[in-house]
Amino acid sequence: MSRISPTLEGFRAAFRRPSLTLAEISWRWTVGATATALAAFSLLEYLDTLPVTGGDVLLLRTRQPILIGQALGHIFRGSAPRIVIAELVAAIALTCLWIFAASMGRATTVRSLIDYFSERQNSANNREELVSVTHPAAPSPKGPPLGSLLRLNFLRAAVVLAALLGLVGALILVHVVSASLSNSAGSAGVNSSNAAAPADPGAGVAFLLFFPLAGLIFLAWSTLNWILSLAGVFAVRDGDAHKDALRAVSAAVSFCRERGGAVFAVSTWTGLAHLTVFVLATTVVSMPLSFAQIVPGRLVLAVVVLITVAYFAVADWLYIARLAGYVCITEMPEALLAPIAPAPLPAPPAPRTTIDRDEPILSDVPNLAVET
């Protein structure tokens, strides 16, 4: 058993400092609300620019699938470039907003957590709960290291873009391979006139090839994103010492290598808690949906939105708890993470190595054989 549990310290910090969760919610939900509003506004503006003639309206009112498809094809003809350009501009603007907001939010939360653990260490020295830890190689920060955090968050956005491009490349590769196999199967069926045409293996190969590639891409993205997110802790902690974002990444990798057990424990327990909350939220959301035919739709939608908002709030609270656990590990000496050594057993008494010559023995008793 460890003397101090970083996981419990992280949950305790999240309980005692609810302002950190509010700060995390404020910048995350601001970016999310902005993205939702921008997407809805761009979609409405795009639909408003579509030309709809009287003939298209007449075809739509016929309720015939073929005629409706012809009307929709005429309405959306030539409008794809506009929506693509609009979405690209919106994505670039939202990415810039997220980079700046995430940098400001991370600088605020991590600095507050470092101050919290410093206060706890100073107040608990007499009770021997925590001990004060200083990092001699890291000078005191002179201000929020927004430069390093901006670079790290830019790298996170670049990793997301690389993952999306990787998925597109995987789709193209799967399409090429499946098309090649389909053509080979088709030519084999034409050549064999007497035998039945073989089954097309393209669909099965596409399925078996795409999902492993997508899994590898997701694993690489999640790992790099986690390392870059953890590097923000060291960029804030060390301040001016890590003007370069790559040095913060190097510090994060070294931290995982040296304190791998504690980091794994914090990530595992908070991840299990998040999974539990997700399962509970999914179960609770399914309950009002089952009454959709009885209860008014607006009430069902309001309940679903309320449960979703509560889930996101709890998820942000768990993220703060995990971040606090990481900060606790960085501010804690390695000796407090080591298991407590068991108390040594008392030494057995030393055997007697001398003989008392005054003590009588059997050979010294007279007439012993006669008496026997």
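Author: A pocket here is an open set of grid points with protein on both sides within 12 Å along at least five of seven lines. The model is predicted. Its largest pocket has a volume of about 1300 Å³.

Reader: Which residues are closest to the centre of the largest pocket?

Author: They are Arg28, Trp98, Arg156, Trp221 and Asn225, out of 36 lining residues. A residue counts as lining if it has an atom within 4 Å of a point.

Reader: Which elements give two or more residues to that lining?

Author: The elements are α2 (18-48), α5 (80-124), α6 (146-191), α7 (202-238), α9 (260-290) and α10 (297-330). The most comes from α5, with 8 residues.

Reader: How does the lining of the largest pocket divide by class?

Author: There are 22 nonpolar, 9 polar and 5 charged residues.

Reader: What lines the largest cavity?

Author: Its lining consists of Trp27, Ala102, Arg106, Leu149, Leu152, Asn153, Arg156, Leu228, Ser229 and Gly232. The largest share, 4 residues, is from α6. By class, the lining has 5 nonpolar, 3 polar and 2 charged residues.

Reader: And what lines the second largest cavity?

Author: Trp226, Ser229, Leu230, Val233, Tyr319, Arg322, Leu323 and Tyr326 do. Both α7 and α10 supply at least two residues each. The classes are 6 nonpolar, 1 polar and 1 charged.

Reader: On to salt bridges. What makes Arg12 and Glu9 a salt bridge?

Author: The cut-off is a side-chain nitrogen within 4 Å of a carboxyl oxygen. The closest N and O atoms of Arg12 and Glu9 are 2.9 Å apart, so the pair qualifies. Both residues lie in helix α1 (residues 6-16), 3 residues apart, about one turn of the helix.

Reader: How many salt bridges does the structure hold?

Author: It holds 4. One of them joins the side chains of Glu24 and Arg106, at 3.3 Å from N to O. Glu24 is in helix α2 and Arg106 in helix α5, so this pair ties together parts 82 residues apart in sequence. Both Glu24 and Arg106 are buried.

Reader: How do you know that Asp316 forms a salt bridge with Arg28?

Author: Their closest N and O atoms are 3.8 Å apart. The limit is 4 Å, so the pair counts. Asp316 lies in helix α10 and Arg28 in helix α2, so the bridge ties together parts that are 288 residues apart in sequence. Asp316 has a relative accessible area of 8%, so Asp316 is buried. Arg28, with 29%, is partly exposed.

Reader: Which residues are linked in a network of salt bridges?

Author: Glu24, Arg28, Arg106 and Asp316 are.

Reader: What makes you say that the charged end of Arg28 sits over the ring of Tyr319?

Author: For Arg, CZ must be within 6 Å of the ring centre and within 35 degrees of the ring normal. The charged end of Arg28 is 4.7 Å from the centre of the Tyr319 ring.

Reader: Last, the aromatic pairs. Why is the pair of Tyr116 and Phe117 called edge-to-face?

Author: Planes over 60 degrees apart count as edge-to-face. Here the planes are at 75°, so the label applies; the ring centres are 5.1 Å apart. Tyr116 and Phe117 are both buried.

Reader: Why are Tyr311 and Phe312 called tilted instead?

Author: Stacked needs planes under 30 degrees apart, edge-to-face needs over 60, and the rest are tilted. Tyr311 and Phe312 have 50° between the planes, at 5.4 Å centre to centre. Tyr311 is buried, at 17% relative accessible area. Phe312 is partly exposed, at 44%.

Reader: How many aromatic pairs does the structure hold?

Author: The structure holds 9. There is also an aromatic cluster of Phe11, Phe15 and Trp317.

Key: Residues are numbered from 1 along each chain as its sequence is written. This is a predicted model: local features need pLDDT of at least 70, side-chain atom pairs count only at pLDDT 80 or more; totals for chains, interfaces and linings use all residues. Side-chain values use heavy atoms; hydrogens and water are left out. On a 1 Å grid over the protein atoms alone, a cavity is a set of points where a 1.4 Å probe fits but cannot get out, and a pocket is an open set with protein on both sides within 12 Å along at least five of seven lines; lining residues have an atom within 4 Å of a point. Grid points are joined across faces, edges and corners, and a volume is the space filled by probe spheres set on the points. Ala, Val, Leu, Ile, Met, Phe, Trp, Tyr, Cys and Pro count as nonpolar, Asp, Glu, Lys and Arg as charged, and the others, Gly among them, as polar. Rings of Phe, Tyr and Trp (its six-membered ring) pair if their centres lie within 6.5 Å; planes under 30 degrees apart count as stacked, over 60 as edge-to-face and the rest as tilted. Buried means under 20% relative accessible area, exposed over 50%, partly exposed in between (1.4 Å probe, protein chains only).
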